[in-house]
Structures are given as C-alpha cells and as structure tokens.
Amino acid sequence: MIRFSRYVDIIENGNETILCNTLTQEIVTIDSKKMKSKTEISSEISEGERKYLFENGFIHGDLESYKQKTINLKRDLVTITINITEDCNFSCTYCYQNDFLSKNVITDQTINNIMQYILDIAQLGVRRLYIYFFGGEPLLYKKRILAIKSKIDQIASEKSLSISYGLGTNAYLLTPDFINHFDSLIVDTTLTSRKDHDRNRSLKSGSGTYDKIFENLAVASKSGRVKIHIGYNTSDKNTEEFQSFLVTIRQSDIKAHINCYYINNYEFNENYFNALSYEKYLKWVSSTAIDHLIENGFLVNVSPFSSYRFECDAYNPWSVKFFSDGSIGLCNATNFYERRIIKSFTESSSFAEDVQYSLYDQKSVLPKSNNQCNSCELIAVCRGKVQCDTSCNPNYSIDRETFIRSFVKHTNLGNRKFFTQFN
C-alpha cells in the first residue's frame, strides 16, 4: 500500500477519487477501486501511475522544496491604495461603513506624504507600482484624483517607474472625460439585476442608479482604456438571478470580469438581512455560479490556490493603504477601524521606513517563516494570518472540495481554459 502525502486532499467524486496536491497545485483523478483507504492507494496501480504520483509529490510532499521555490517570490508590483474620501453619494442598505459617518477628504499634507513615500521606495529599488483610488466614493473628487495622478506620473518619469492605475467606485460618476486621462485603468464596481441593485444601492435621495451605471460601464468598455471588474454582491434574494444577470452583461456592450462576493449582516443595518448562510454561499459560488459563468463565456477568477504562493499582498514590504486623514493600513482590505497612525522610528532615514515600522508587527509574520504555519498541512493554500483573514481559514472565499469537483467536471467537458488561475 502507498500512503499519500499530508499535503494531498483526497476527495470522493462518484466512481472516481480526486487527488489535489496543494504544494504542486496538481489535480488528478483515479478509479476509486484503486483506493485501499481514504489515505492510501493500492500497490496494484500501474507503473505509469506510480511514477506520476511519485514525481509530482503525491507520495512524498516536499515542504522545504516548495518553500525554496516560493519564499523569494516577492511581488515586484507594490500596491498603494489611496483613500480619497470617506464620503459617498450612495445609501446602500448593506454597506459595511453605515456606522462610520465621516466626510473626510484627502488633504494636501497626506498627498505630500504619499509622494514622499513613493520617492523613498523608488530610492530603495521599487520600480513597479499599482495605484488604487478608493473611498467612500472617490469620483466625488475627480480633480483630486487627477492632481495626484499628475504628481505620480511626474515622479514616474523622473525615476523610471512603471505605474498602473485602478479605481474602486460605484461607477455612477464614471465619465469619458475622466477616463481619457488614463492610458489604461482597472475599474472595480458592483452590479446585480436592476431590481436588486436599485433596491439596495440607491442614491441618498432614494433614486435608482442601475440604468446610469449600466450606461457608464458600456461607454467605458467601448473606450478601450478600461478593464472592468464587476462584483456581484450575493444574497438569498439574488442567487437565482445570477444566470439572467450574466446573460444581460453578455448581450450588452460591457466587457467585464465577474466575481461573486458575500454580503455580510451587520447589526447597524436594521433594514437589511441576508438569509443566505455563508456556508451555503460557499457551496453555491463553488458550483452553480461556476456553471453559469462558463455557460455564458465568462472566466472563473478564483481557485483553491489563487496567488497564495506569493502570500497576501499585505505582506509585500512596501504595499500600504493611505486613508484620507493621513493614517495607514496594511492594504486595500484594511477598514476604517483597523488603521494606524504613523510612528517615527528613531533609526529611520526615510518616511517610507516610518510607515513600515508602524505596520511591522503584522507584515513580519510570513507563513513560510512561522513555525505554526509550517506545521499546517494547508500552508500552500493559505494567505497568512493577517487582518484580512484573522480566522486563519484558507477556505475564506470558496468551498475547496466543491470547487475542485467543479474544476474536474469542467476539465472533462473541455472547459479548463475558463479557470484563469490554472492556466
């Protein structure tokens, strides 16, 4: 009998058994009759099968080899999130910021700090930056965004930096005159069906926003300058509408990547409740949602592995989020209650080092250098235990076994090309 490595997920799937090697990201299927037990395979397998399993780490999981191959795979793309404002023109029923009433707008001093930060990290060798504008609703202050972009572009020209830009927005104020200031721009927004969207994402006046956003996205898509990412915020009231929503997008002039997200319940949102449990959502997004995406020609942008070989972006030594009041956070996922004030480091020679000193206690706990993480069989599918995943749960966005079954099913149907993280 041959026992599998502790890093191999063994998943029953009808008459076959799926083997998922989390270290090598290899997924194979074998006849269930060849399984001796849930963790062992019969020694009667063919020589070819035996050779494949040994050569691809299914029998001897080599953690040290995995770590050596990936521990230095630092992201050479540094992400700087700029929180332009905490104000918003929407009154979303489920917003996680509804208990945070602030209309802060980024100040000149904070903008100057950001420019100094970029100059400092350029001096330290950083060459590629992703600048992400966020809010609140950042497009309430387009002139501020464009002024910041102008300053960054000037630094990029002087220091030979490569800069790309992204924008998290409700897209209600997304117009060609703004888009035309960018050679290329990634736009992250939210949209569901018209009825669901207008019920939950209205203007503060109560007016619906779906039609205008839909038109704005269509115009932006035609410009050729914008990559659109649409988040489908999922609840018990709209999972059945996902298929028709995809048909609507497919038949429109909007070219977009579609991702699904779960709507959390918060006590302060008294007029909203999502009756869909998170466990049921994970099953749905790992099966039915994938079927609908592929059926309508959309890519599947999640996986059990994703980009975790690089760990969470928060661990990037220089990635940071600047809030509009001058405080900082690890990354874009940092909410308003987790931000920090910049502390001076007595031995610091730069503002950037002061920023990182203020975040060091969290940025320094890399899973590949942490004894607790090294003893975990799921180390290769984990982002690391930081603020955005304090539960230390690698299955935070999918149900892994359900997803892998879906992946195998669609691979057998010739649809592997739709799974972007496996190609």
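**A mixed sheet and the helices around it**

In this predicted model, strand 6 (residues 77-83) and strand 12 (residues 320-322) run parallel and are joined by three bridges. Within this part of the chain, Ile82 stands opposite Phe322 of strand 12. The two strands belong to an open sheet of eight strands, whose order is 11-10-9-8-7-6-12-13 and whose pairing is mixed. At the edges lie strand 11 (256-262) and strand 13 (328-329), each of which pairs on one side only.

Elsewhere, helix 7 (residues 210-223) lies across strand 9 (185-190) and strand 10 (226-234), and runs at about 150 degrees to strand 10.

The crossing of helix 3 with helix 4 is right-handed. On the side of helix 3, the contact is made by Asp108, Ile111, Met115, Ile118, Leu119 and Ala122, while helix 4 contributes Arg144, Ile148, Lys151, Ile152, Ile155 and Lys159. Sorted by class, the residues of this contact comprise eight nonpolar and four charged, with no polar ones.

Helix 3 has a further partner, and here the geometry is described in other terms. Helix 3 (residues 108-123) packs with helix 11 (residues 351-363) at an angle of about 100 degrees, and their axes are 7 Å apart. Angles of 65 to 115 degrees count as roughly perpendicular, and helix 3 and helix 11 are therefore roughly perpendicular to each other. Asn113, Gln116, Tyr117, Asp120 and Ile121 of helix 3 meet Phe351, Ala352, Val355 and Gln356 of helix 11 in this contact. The classes represented in the contact of helix 3 with helix 11 are five nonpolar, three polar and one charged residues.

Taken as a whole, the protein chain has a secondary structure of 13 helices and 13 strands. Its radius of gyration is 23 Å, close to the 22 Å that the globule rule gives for 423 residues, so the chain is as compact as a globular protein of that length. Along the principal axes, the C-alpha atoms of the protein chain fill a box of roughly 70 × 55 × 40 Å.

Notes
Residues are numbered from 1 along each chain as its sequence is written. This is a predicted model: local features need pLDDT of at least 70, side-chain atom pairs count only at pLDDT 80 or more; totals for chains, interfaces and linings use all residues. Side-chain values use heavy atoms; hydrogens and water are left out. Axes are lines fitted to C-alpha atoms, for helices over the stretch in contact, and angles run from 0 to 180 degrees between N-to-C directions. Helices (H or I, at least four residues) and strands (E, at least two) are DSSP runs, numbered from the N terminus. Angles under 35 degrees count as roughly parallel, over 145 as roughly antiparallel, 65 to 115 as roughly perpendicular and the rest as oblique. Contact means heavy atoms within 4.5 Å. Ala, Val, Leu, Ile, Met, Phe, Trp, Tyr, Cys and Pro count as nonpolar, Asp, Glu, Lys and Arg as charged, and the others, Gly among them, as polar. Two strands pair if DSSP finds at least two bridges between them. A crossing is left-handed if the near helix is turned anticlockwise from the far one by less than a right angle, and right-handed if clockwise. The radius of gyration is taken over C-alpha atoms; the globule rule is 2.2 Å times the number of residues to the power 0.38.
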